[in-house]
There are 6 protein chains.
Amino acid sequence: MKIRAVIESVIRPSRVGYAHCGLPCGVYDPAQARIEAESIRAIQQRYQNAANAKGAGETVEDYKTRALKIKEERAEMVRNHLWILWSDYFKPEHLAKYPNLHELFWAATKEAAAAKQSEDPAQGEKLLAAIGEIDKIFWETKKA
Amino acid sequence: MKIRAVIESVIRPSRVGYAHCGLPCGVYDPAQARIEAESIRAIQQRYQNAANAKGAGETVEDYKTRALKIKEERAEMVRNHLWILWSDYFKPEHLAKYPNLHELFWAATKEAAAAKQSEDPAQGEKLLAAIGEIDKIFWETKKA
Amino acid sequence: MKIRAVIESVIRPSRVGYAHCGLPCGVYDPAQARIEAESIRAIQQRYQNAANAKGAGETVEDYKTRALKIKEERAEMVRNHLWILWSDYFKPEHLAKYPNLHELFWAATKEAAAAKQSEDPAQGEKLLAAIGEIDKIFWETKKA
Amino acid sequence: MKIRAVIESVIRPSRVGYAHCGLPCGVYDPAQARIEAESIRAIQQRYQNAANAKGAGETVEDYKTRALKIKEERAEMVRNHLWILWSDYFKPEHLAKYPNLHELFWAATKEAAAAKQSEDPAQGEKLLAAIGEIDKIFWETKKA
Amino acid sequence: MKIRAVIESVIRPSRVGYAHCGLPCGVYDPAQARIEAESIRAIQQRYQNAANAKGAGETVEDYKTRALKIKEERAEMVRNHLWILWSDYFKPEHLAKYPNLHELFWAATKEAAAAKQSEDPAQGEKLLAAIGEIDKIFWETKKA
Amino acid sequence: MKIRAVIESVIRPSRVGYAHCGLPCGVYDPAQARIEAESIRAIQQRYQNAANAKGAGETVEDYKTRALKIKEERAEMVRNHLWILWSDYFKPEHLAKYPNLHELFWAATKEAAAAKQSEDPAQGEKLLAAIGEIDKIFWETKKA
């Protein structure tokens, strides 16, 4: 690793991310799920305020239609990022230490599915909280 | 915004991410490109060490083949995240302040393409550095 | 065909299907995961017999390269079908009756990931057996 | 092949599924098209009953919008599964025995396109019938 | 190369296309972006005339919903084709000759994003004009 | 339509393209299939000349692996473009005039599948010729 990268990993620890690929490459980061969930919450907020949020060349109905389409897809991205963490990153030794791991992921992925049917930003907030719990455990296991 | 989220945005500023959707939802974050680029660098490292990194049920050649396939796809993800930032997030007022913006993105997306043809982790390091420059500008504009 | 399936094909003549969509539409079927896993096993068998299985216009190495690429993608399809069943179809009342449900899905999706790294048809057989266990529970819950 | 698999291939021949991959792997099954078409029919039924089928956090209009989006995608999946069967599984000797093969696939893929524009479950029923005809021929050719 | 192809390349030069792949294969053609943009303009025209353009089995609202979904996706395809031209085909020597190259692509990809929010065929016309400018430069560089 | 577009459609008839979307939007163009097929032929040519075509940071084997992956995907794109033309653009009245229409598409999509297994540019040439026959009929029907 180059010096620059080493220094970065010391002074900006929370910026070092971990994502997934199927090699596996060992890079994972719950931020991927969180970022998409923040997009969902932002869409729910804009949906509630569609008259102001919409573009000049579209109706409120058009805008809501697009919001629903995009939210649906973002929700599936959240789920995909979470499923990969669950199936690939977490190992039996983690489960031994965090016995509610399966329940957390089951609840979070069900909450992400619920986001498809909800236009309420409070729902997006709940989804973010569920991801936050997983994120907390993830980083504890990385430090361990 | 709930109190919990407000507090989080204060005490964990670098964790607040910004991603994209085509609504637009206003959520962007260069971390999405960076995470995929870290995956690329990790794949390049493993490729160099394939005999140790490979699974028990595959040959070194098999492993390298899979590494190349996955790296190719990760590189395209990096490019997609960067292109979206360039076309959607950045506005003329940003360009006025950062006149080399186009060049930075052009170079970074060309570096990501180069990652498809390189098995050298130093190349992945260069890609991460290019994304790092964009990341720096991005966060400066968010603070402005 | 098992007796159960034979009877079903008579009294419910092939029209009763169970697949997924995010509405949700209520249609699910573990056959989707199974079919992709059968493809994986077939690819593993052909990989072992590449000299005979390959096309006239490609080398053995070319054929193996393509086999690895396709298997990688099929494995991810298996995982996606399983994840959707786990997160969308199965409910707390099912878990109460089948307490090992989480473990079954965790093991099956990890086995599907292992398929990416294995060229042994016996591995594909194990994956099919894991899906078979889920399939059995699924149909029991549909009858309940 | 393990003994278990050999026995299975004898006593459960119809459980051996046939899906596609581009190797080719020789695994095909019209069930893939049928399952997606059943999803289409279920969506058309729910669309007609949107007020009851919708989630608590969405309006009838929201629900219908999502139903249309998902149906559109399911219809393209049906078409893709059918096209692959037509181009990859079926050979000239099959056409010699079933001279209307091209017409059946042409009609079925056009019916799947029609599903995008129809909210009537009777249309989905017609699509399922068209797939059923292909399924019947497919299994006759497998037995031959 | 067969005689037929040689003759064609002489008498129908504008039919010889250039598309992209990540090898790179050296084949590019702005026609790919243009064709998708023509689809966008056609969708905008049909949206304005939805009562006549819609199918018999769908409402005007249904038709508009589908139009918006498809236009959104076509717009992203336009962007993707343009981004690839910008990052992969164009080189520093082209930029030296066409100093407004970055601006042209920035404007065109922003116009394609605007297509998501506009139901006005005049907007699609503007997008096609922006692509036309790029197309003109592209073919000049191919001749050079 | 603006004057500029009208003039263009007169002086550059072969540049006016027709692509597909599922609305339908009425825009189709066999050029989409042709461009991808030209990419396939270019990949086959480069495969034969891999030592010269490869990047500095990759081995000949790496380059061939990437070529095979990309060709596989381009072949599926060709097929998809052709299938859409066959199922969506062509109508019974076209078939009445061109009775070999089904056979032409069947052969062309099978030739595209063959491209996955062939590294010979002459095979890509055959695929282009098959697409050329369809292209000829397509434009005759557009003029009729």
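Q: How many helices and how many strands does the secondary structure of chain A come to?

A: In this predicted model, chain A has seven helices and zero strands. Along the sequence the pattern reads α-α-α-α-α-α-α.

Q: What share of the 144 residues in chain A is buried?

A: Buried residues account for 51% of the 144 residues in chain A. Contacts can also be sorted by distance along the sequence. In chain A, among contacts between residues at least 6 apart in sequence, 65% join residues at least 24 apart.

Q: What pLDDT does chain A average, and where is the pLDDT below 50?

A: The average pLDDT of chain A is 89, and 86% of the residues score at least 70. Over residues 1-18 of chain A the pLDDT is below 50, and this stretch has 16 contacts in the model beyond near neighbours in sequence. For the complex, the predictor gives an ipTM of 0.87 and a pTM of 0.89.

Q: How do I read the packing of two helices, and at what angle do the axes of α2(A) and α7(A) cross?

A: Two packed helices are described by the angle between their axes and by the distance between the axes. For α2(A) and helix α7 (residues 121-143) of chain A, the axes come within 8 Å and cross at roughly 170°. An angle over 145 degrees counts as roughly antiparallel, and α2(A) and α7(A) are therefore roughly antiparallel to each other. Residues of α2(A) that take part include A:Ala33, A:Ala37, A:Ile40 and A:Gln44.

Q: What about a pair from two chains: at what angle do helix α4 of chain D and helix α4 of chain E cross?

A: The axes of helix α4 (residues 60-89) of chain D and helix α4 (residues 60-89) of chain E come within 10 Å and cross at roughly 55°. That angle makes α4(D) oblique to α4(E). The crossing of α4(D) and α4(E) is right-handed. Here D:Thr65, D:Leu68, D:Lys69 and D:Glu72 meet E:Asp62, E:Thr65, E:Arg66 and E:Lys69.

Q: Why does the length of helix α6 of chain C agree with what it should span?

A: The 16 residues of α6(C), residues 101-116, should span 22 Å at 1.5 Å a residue, and the end C-alpha atoms are 24 Å apart, which agrees. The same check can be made on helix α4 (residues 60-89) of chain F. Its 30 residues should span 44 Å, and its end C-alpha atoms are 42 Å apart, which agrees.

Q: Is α4(F) largely enclosed or largely open?

A: In α4(F), 23 of the 30 residues are buried, so this helix is largely enclosed by the rest of the structure.

Q: Which residues of α6(C) are buried, and what do they pack against?

A: The buried residues of α6(C) are C:Phe105, C:Trp106, C:Ala108, C:Thr109, C:Glu111, C:Ala112, C:Ala115 and C:Lys116. They pack against elements of three chains: α4 (60-89) and α6 (101-116) of chain A, α4 (60-89) of chain B, and α2 (31-48), α4 (60-89) and α7 (121-143) of chain C.

Q: And what do the buried residues of α6(D) pack against?

A: Buried residues of α6(D) include D:Phe105, D:Trp106 and D:Lys116. The buried residues of α6(D) pack against α2 (31-48), α4 and α7 (121-143) of chain D, α4 of chain E, and α4 and α6 (101-116) of chain F.

Q: Is E:His94 buried or partly exposed, and why?

A: A residue is buried if 20 or more other C-beta atoms lie within 10 Å of its own. E:His94 has 15 C-beta neighbours inside 10 Å, so E:His94 counts as partly exposed. E:His94 is found in helix α5 (residues 92-97) of chain E. Leaving aside neighbours within four places in sequence, E:His94 is in contact with E:Leu101 and E:Thr141.

Q: Is A:Val27 buried or exposed?

A: With 23 C-beta neighbours inside 10 Å, A:Val27 counts as buried. A:Val27 is in the loop between α1 (3-11) and α2 (31-48) of chain A. A:Val27 and A:Tyr89 are 62 residues apart along the chain, and their C-alpha atoms are separated by 8.9 Å.

Q: Is the peptide bond from B:Leu23 to B:Pro24 cis or trans?

A: Most peptide bonds are trans. The bond from B:Leu23 to B:Pro24 is cis, with omega near 0°. B:Pro24 is in the loop between α1 (3-11) and α2 (31-48) of chain B. In chain E, the bond from E:Leu23 to E:Pro24 is cis as well, with omega near 0°.

How values were computed: Residues numbered from 1 in each chain as written. Chains lettered and ligands numbered in written order. Predicted model: local features only at pLDDT ≥ 70, side-chain atom pairs only at ≥ 80, totals over all residues. Helix = DSSP H or I, 4+ residues; strand = E, 2+ residues; numbered from the N terminus. Expected span 1.5 Å × (residues − 1). Buried ≥ 20, exposed ≤ 12 C-beta atoms within 10 Å, placed from the backbone. Contact = placed C-beta atoms within 7 Å. pLDDT = per-residue confidence, 0-100. Axes fitted to C-alpha atoms, helices over the stretch in contact; angles between N-to-C directions. Parallel < 35°, antiparallel > 145°, perpendicular 65-115°, else oblique. Left-handed = near helix turned anticlockwise from the far one by under 90°.
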